[in-house]
Amino acid sequence: EIWSAHWEELKQKKSMTFESKHWSKTGRVLDTEVTINFLYYEGSEYNCAIMRDIGERKQANAALRVSEDRFRSIFQNEPECVKAVAPDGTLLVMNPAGLIMVGARFEEEVIGKSILSLIYPDDRSAFQKLHQGVCSGESGSLQFRIKSLQAEVRWVDTHSVPLRDAAGGVTAALSIACDITARKQAEEALRRSHDFLRQVIDIVPNFIFAKDRAGRFTLVNKAVAEAYGTTVDQLIGKTDSDFNANPEEVKFFWQKDSEVMDSLQERFIPEEVITDPTGNKRWLQTVKRPILDEQGRVIMVLGAATDITDRKRMEETLRQRERDLRAALQERERISQDLHDGILQSLFAV
C-alpha cells in the first residue's frame, strides 16, 4: 500500500527510504529500514526493495537518547560550574550554575566568547598553561580567580579533562569548577591570625613551645630558637637532641614531656637547665600542659618557660656573700677571743 500510494513520487525521486515494522513468523516485531528503487527495463516499470534489520540500531539510539537525557539533566542541575572550552579558548558551553557564577543572565553573554575575559588578569597565565596541557591530552587542576560580568572577584578550584572525538583528537577541555571564595577568605583570615600570633609570641622574652609525641617541635617562638642558635623555621620538626649536645638535659626534657602527656596533668618545673651552643648554661622555670584533640587524646605538650638565670646568679652571689660574711664574723670572733685571752694573760701577769 505504501509503495502504490507513493509510486508517482518514487518515479520522480528514483529512490525512497523509510522505516517500517514487520512481523516475523514467530510473532516478533522487526524494526526495518526499507529502501525502494525505481527501475525501468525493456519498456516495463519495476521497483526493487532492500530491507535492513535496524532493531539493534533502534535500541542503541534509544539508549543514546536516555543517556543524553540523563547527561542533560545532570548538566542542567549540577550545583557546580561545568563548562567546555575549545582549544582556542572559546567558551563552547556552560551550565546554569556556571552562568550564575560568572554573573550571566543569558548564555549569549558568554558562550562563543573567549574564556580569558572571565579570568582575573593576574591568573590568566596560569590558566592558559593548564588549558594548553589539557588540550594536549593531560588532565589538570588549578585554583585561580575569576572576574564576573559585574567585576566581582571569586576564587574557584577547577579540574579539567580533555574531551575527545571518535578519532581520539582533543576537541575541547571539559571542566568542573567549585566556588572556594569562602574557604579562601577563611584561609586568609587564619593566615592573618597566625601572623599576628607569631608576632605576639616572638616579642615575648619567655620560651614558648609545643612538641608532639615524638618530641618534635610543632611551635616555637624566637626566644627558643635563639637559645639553640637557630631560626624558628629550622627548629620546627626537629627535637632537642638535634641542637642540644647535653644528653642529660635532653633526657630530662623528654622525661617531663612524657609525664605531662601520659598523666594528662599540668606540671610546674621550678628549675631546669639548658645549655646553648656556646656552652653557657641557662636556668629555666617551666610550666607544661597537655594539648588534647577532639576525642580527648593527647597530641602535644605546650610549654612556657621563664629564664631565671639572672635570679640564680644573684642568689648564688648572695649565698657567697653570706658565706664570706659568716667567715668574716667567725674570724672576728676568733680575733676577739684571741685578744680577750691575751688581755687576761697580761692582767694575770701583772
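Here is a tour of the cavities, stop by stop.

Before you click: this is a predicted model, where local features need pLDDT of at least 70, side-chain atom pairs count only at pLDDT 80 or more, and totals for chains, interfaces and linings use all residues. Numbering runs from 1 along each chain as its sequence is written, and side-chain values use heavy atoms, leaving out hydrogens and water.

A cavity here is a set of points, on a 1 Å grid over the protein atoms alone, where a 1.4 Å probe fits but cannot get out. Five of them reach 30 Å³ or more, with volume being the space filled by probe spheres set on points joined across faces, edges and corners.

**Stop one: the largest cavity.** Select Phe209, Lys211, Asp240, Phe253 and Ile274, which lie nearest its centre among 13 lining residues (those with an atom within 4 Å of a point). The space inside is about 120 Å³. Now show strand 9 (207-212), strand 11 (267-275) and strand 12 (281-292), which each give two or more residues to this lining; strands are DSSP E runs of at least two residues, numbered from the N terminus. Strand 9 gives the most, with three.

Colour this lining by class and you get nine nonpolar, four charged and no polar residues. Nonpolar means Ala, Val, Leu, Ile, Met, Phe, Trp, Tyr, Cys and Pro; charged means Asp, Glu, Lys and Arg; the others, Gly among them, are polar.

**Stop two: the second largest cavity.** This one holds about 90 Å³. Select its lining, including Cys81, Lys83, Met94, Phe144 and Ile146. Strand 4 (81-85) and strand 6 (140-147) each supply at least two lining residues. By class, the lining has 11 nonpolar, one charged and no polar.

Terms used: On a 1 Å grid over the protein atoms alone, a cavity is a set of points where a 1.4 Å probe fits but cannot get out, and a pocket is an open set with protein on both sides within 12 Å along at least five of seven lines; lining residues have an atom within 4 Å of a point. Helices (H or I, at least four residues) and strands (E, at least two) are DSSP runs, numbered from the N terminus.
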